[in-house]
Amino acid sequence: SVYVTILETKLVVFFSAAIIFAALVLGNLGLATRLAPNAKANFWPWAIVHPLQRALKFSVITGTALLSLIFGLVAQSNWLVILRFFNGQPFGTVDPVFHREIGFYVFSLPFLHFLRSWLLGALVMTLLGAIGIYLLSYTVQRLKFDFTRPVLAHISGLAIAILGLIAWGYWLGIWELVFSKRGVVFGASYADLNAKVPAQWILLAVVVILIVVTVVSIFRRNYRWPLYGIGVWIVLSVI
């Protein structure tokens, strides 16, 4: 029964992750194809365009299938983390630093880290694919890279989702300090609580502000504000 549980979990996790990734990527690539501009002028003869379209579709389907396999295997390798999360039990005590139930650190925190990392990787690949579709469309049609508002909204929406996951990572990083090895003893040290925790909250706030700036830039069509925000974020991360 133990072996069957492990096997069933691996199969369910693999196929679920692969299907979710494929739906996410193909859905956004299909949306990018619809939002990409279609110029009236035909710069390329149909004899060239038709084979290129078929090759592009084949490449997209093959690449998505390969990446779905990879992301499915990555998720499958975390089957034990997933089983622990869904079968976790309380320990009946809390940690002395953040006053959270010990079961949260043993069962929930590893699963949340895995979920965030998997979604972050999937969204980054989706964003790169969507940008590739837009750049290819504009380049082939010899159009100026003056993205329309729907195109900007699509790209910015994916970027905002990625930033949200990064902010979530900063929040999870605070609880991860209970496993810190930087001090003399194992666990959150004085420096962790008085320097690392405030730094995590500051970076989280910066990312949230960057999300708001990105949303505003969609309506104002100002591409510089998010770039300035990213620059501030990088500087504060170094500091």
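The model is predicted, so local features need pLDDT of at least 70 and side-chain atom pairs count only at pLDDT 80 or more, while totals for chains, interfaces and linings use all residues. Residues are numbered from 1 along each chain as its sequence is written, and side-chain values use heavy atoms, with hydrogens and water left out.

I begin with the core. A nonpolar core is a set of buried Ala, Val, Leu, Ile, Met, Phe, Trp, Tyr and Cys residues joined through side-chain atoms within 4.5 Å; buried means under 20% relative accessible area, exposed over 50%, and partly exposed in between, with a 1.4 Å probe and protein chains only. The largest such core has 51 residues, and Phe98, Trp118, Tyr134, Ile166, Val207 and Trp233 have the most contacts inside it. Helices α1 (2-35), α2 (46-76), α3 (79-86), α4 (102-140), α5 and α6 each supply at least two residues of this core, and α4 gives the largest share, 15 residues. Helices here are DSSP runs (H or I, at least four residues), numbered from the N terminus.

Which residues does Val207 contact, leaving aside its neighbours within four places in sequence? They are Leu163, Ile166, Ala167, Tyr170 and Trp233, where contact means heavy atoms within 4.5 Å.

I turn next to the second largest pocket. A pocket is an open set of points on a 1 Å grid over the protein atoms alone, where a 1.4 Å probe fits, with protein on both sides within 12 Å along at least five of seven lines; lining residues have an atom within 4 Å of a point. This pocket is lined by 19 residues, and Ser156, Ala159, Thr214, Pro226 and Ile230 lie nearest its centre. The largest share of the lining, 7 residues, comes from α5.

By the rule for a salt bridge (a side-chain nitrogen of Lys or Arg within 4 Å of a carboxyl oxygen of Asp or Glu), the count comes to 1. The side chains of Arg182 and Asp192 form this bridge, at 2.6 Å from N to O. Arg182 lies in the loop between α5 and α6 and Asp192 in helix α6, so the pair ties together parts 10 residues apart in sequence. Arg182 is exposed at 57% relative accessibility, whereas Asp192 is buried at 1%.

Finally, two exposed residues. His99, in the loop between α3 and α4, has a positive phi of about 60° although it is not a glycine, and its relative accessible area is 57%. Phe219, in helix α6, is exposed at 58%.
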